[in-house]
Amino acid sequence: MNGLKTALLLGLMSGVLLVGGQLLGGRSGLQIGLILAVGMNFFTYFFSEKMALMSSGAIAVSETQNQEVYWRLEPMVRRLTERMGLPMPRLWVIPEQAPNAFATGRNPSHSSVAVTAGLLQLMNDTELEGVIAHELGHVRHRDILISSIAATLAAAITYSAHMAMFFGGRRNDDDDAPNPLVAILMMLLAPIAAGLIQMAISRSREYGADAAAAKYTGSPNGLISALGKLETWSKRIPMDVSPAMSHMYIIKPFTGQTLARLFSTHPATEERIARLEGLRAQ
């Protein structure tokens, strides 16, 4: 299903480029649109992981880089991947105090798990294991490709709107009034980008990753405790994250931006905890 969604999402964007190119430039525009569509599909498939990590400011974690973080995460992640039958992902730390985490990549063999510095400080090992297992659940369910591609495309659309505002935001150099056409473009493109995210990302994927975490850690308790802390602390500490990327994190980041609400794909944390408690009762 995720593979089908990925193909449909890329096909939709390719169609938009082709039709738009033909409307703007006839046959020549169609040819340009085709070139752009091929380039976009190649780039988003192979480089969406790098774009997500770059956008978040993630820093590599290894035996030689961020060693303290590595020696805390590596044994935990390796133990979980062995249980889940997954290859070892690349590890990253995000220099943000807001507690959060996400996974990205095009498949389990090319995947990354990133955690914030705030998450490492806030969580004990049992809670951290629950969070990591949740993210590896996304890898195992192959949610990560569609999430990364949707984020890249949505970011490109919103970036285009901002560029239009920058280059065409005024009628002339002496006029401070915004160009009404650009204002309309901004109003249209942001909801379109958000709609792409909503179309591609099902809220049920979070429940599935939560259930995987409970299964492979042996208990839902760690993730239940972690989600409670995340719900409290993520609302207190703003996080510098693009709204187009917010769906990738284990819990919706608090950015202080009204636009971020358009991109929300997270179910209520209370409902996620209730479902995990139901697993505990079984």
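## Charges over rings

Arg236 sits over the face of Trp233, 4.6 Å from the ring centre. Arg275 does likewise with Tyr207, at 3.7 Å from the ring centre. To count here, NZ of Lys or CZ of Arg has to be within 6 Å of the ring centre and within 35 degrees of the ring normal.

This is a predicted model, where local features need pLDDT of at least 70 and side-chain atom pairs count only at pLDDT 80 or more, while totals for chains, interfaces and linings use all residues. Numbering starts from 1 along each chain as its sequence is written, and side-chain values use heavy atoms, with hydrogens and water left out.

## Aromatic pairs

Tyr70 and Trp71 have ring centres 4.9 Å apart and planes at 80 degrees, so they pair edge-to-face (planes over 60 degrees apart).

Phe102 and Tyr249 also go edge-to-face, with 5.0 Å between centres and 70 degrees between planes. Because Phe102 is in strand β3 (residues 101-107) and Tyr249 in the loop between α8 (221-234) and α9 (269-281), this pair ties together parts 147 residues apart in sequence.

## The chain overall

The protein chain has 9 helices (DSSP H or I, at least four residues) and 4 strands (E, at least two). Of its 282 residues, 48% are buried. Among contacts (heavy atoms within 4.5 Å) with a separation of 6 or more, 67% are between residues 24 or more positions apart.

Notes: Buried means under 20% relative accessible area, exposed over 50%, partly exposed in between (1.4 Å probe, protein chains only). Rings of Phe, Tyr and Trp (its six-membered ring) pair if their centres lie within 6.5 Å; planes under 30 degrees apart count as stacked, over 60 as edge-to-face and the rest as tilted.
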